[in-house]
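Dear colleague,

Please find the structure below, handed over for your reference.

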Amino acid sequence: MMDNSIENKKFDCSRGCTVERNDQGEAECNYRQGCCKLEVYDWLKGVGQEQYKDLFEVRFKNTRKGIYVNASGQTVKTGDIVIVEANTGHDVGIVTLEGPVVGHQMKTKRIAPDSPDIRKIYRKAKLFDIEKWQEAIGREHEVMIRSRQIAAELGLEMKIGDVEFQGDGTKAIFYYIADGRVDFRQLIKVFAEEFRIRIEMKQIGARQEAGLIGGLGVCGRELCCSNYISTFQSITTSAARIQDLSLNPQKLAGQCGKLKCCLNYETAVYLDAQTRIPKVSQPLEFQDGQAFLMKTDILKEVMYFSYDKGSLANLYPLEAWEVREIIMMNRNGQKPESLQKDVAPAAPEFVSAVGDDSITRFDEARKKKKNNHRRKGRGGNNRGGDNGPRKA
């Protein structure tokens, strides 16, 4: 039987907290670190530094977070729900980072500790603030669906991917994707009349939308754009060509429909390895014929040659430095004796698993066991034919 406390608990993974009602019906929000997108691990937890003692990282919905200074006079720590300064009104967020690591984040984002642009933490959130915050959050999904319908009715070429309400419920941020310029004048008027709130339209790219929504990649891990990538680099098909990957758009594209960010991760390693691999523009000359380059293992720096240009049956591996020496010999008019004499044909580097899960794979073992039982019944290996106890 499931515990009632678990049934009543709501996991808000977009903001990294759990929400539940206590016995008095009051809302209780608790910070849950594992849910946070673009999470930063506090590897200096417990270490104090005077310069950053009043600076905190405050998280809002999905990937939106910022650095705030504690001007409340209250003791603020990681996990506290706080009221912070906003452009209009106030917002509600969760403190997710404190101490020297905040300084490292500020250097990454190029924010000076004494910058006047750093906004303030007014105070810790009270029960009334949390109730209002949760009420605003409860409207987000309904408003997002309705806003998409309105945009479609107005014939605007855009996609609204997410809606985030401000903590006081007076303002909402509409995240949208559009290929071209969109005229929002009529749209904002309709939104303001329909939802009775202040409107902010924020354009994002397809990769940023994937980071907001989150999910799992084909590798089985959390999407990189949702896990740690905050700045997106340009990715081209040349990264796939360098790694000798198949140019299949279905395999190279991520959930955002763009080329996967991970294509850039190992590109530098392949570029470095390719500097040690010679370029083969023509077949290698041997005394028993010409050897054609069929494929190259870039990371192992091994090149595979065959005497038959149209067949991959008999491939002979050569190290990159050996190929370089043979090319120099050919330029000097010299030909090695034979590729077959020095190196044996390469065997496949994979083991086929076909038949491993066949339902008949145990039949032979059962037959052997059955035959063993029959042999034991007949006397096994004893020539006397009697395995039982003998009478004295």
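How many bridges join β9 to strand β10? There are six, and the two strands run antiparallel. Strand β10 covers residues 171–177. Within this pairing, Val-163 has Phe-174 in β10 as its bridge partner.

Please note that this is a predicted model, in which local features need pLDDT of at least 70 and side-chain atom pairs count only at pLDDT 80 or more, while totals for chains, interfaces and linings use all residues. Residues are numbered from 1 along each chain as its sequence is written, and side-chain values use heavy atoms, with hydrogens and water left out.

Helices (H or I, at least four residues) and strands (E, at least two) are DSSP runs, numbered from the N terminus. Two strands pair if DSSP finds at least two bridges between them.

The open sheet

Strands β9 and β10 belong to an open sheet of three strands in the order β9-β10-β11, with mixed pairing. Because β9 (159–165) and β11 (198–203) each have a single partner strand, they stand at the edges, and one side of each is left without a neighbour in the sheet. Direction ignored, neighbouring strands here are turned by 25° against each other on average; axes are lines fitted to C-alpha atoms, for helices over the stretch in contact, and angles run from 0 to 180 degrees between N-to-C directions. Helix α4 (residues 140–153) lies across β9 and β10 and runs at about 150° to β9.

The barrel

Five strands form a closed barrel, β4-β5-β8-β6-β7, with mixed pairing. On average, its neighbouring strands are turned by 55° against each other, direction ignored. Five bridges link β4 (residues 55–59) and β5 (residues 65–70) in the antiparallel sense, and Phe-56 stands opposite Tyr-68 in β5. Helix α2 (residues 100–108) packs on this sheet and touches β4, β5 and β7 (90–98), where contact means heavy atoms within 4.5 Å. The direction of α2 makes about 110° with that of β7. Helix α3 (residues 127–137) lies across β6 (81–85), β7 and β8 (119–124), at about 80° to β6.

A buried aspartate

Asp-12 is found in strand β1 (residues 10–12). Asp-12 is buried (under 20% relative accessible area, with a 1.4 Å probe and protein chains only). Not counting residues up to four places away in sequence, Asp-12 touches Cys-17 and Ile-137.

With kind regards

Definitions and conventions: Buried means under 20% relative accessible area, exposed over 50%, partly exposed in between (1.4 Å probe, protein chains only). Lys and Arg count as positive and Asp and Glu as negative; His and the chain ends are not counted. A salt bridge is a side-chain nitrogen of Lys or Arg within 4 Å of a carboxyl oxygen of Asp or Glu.
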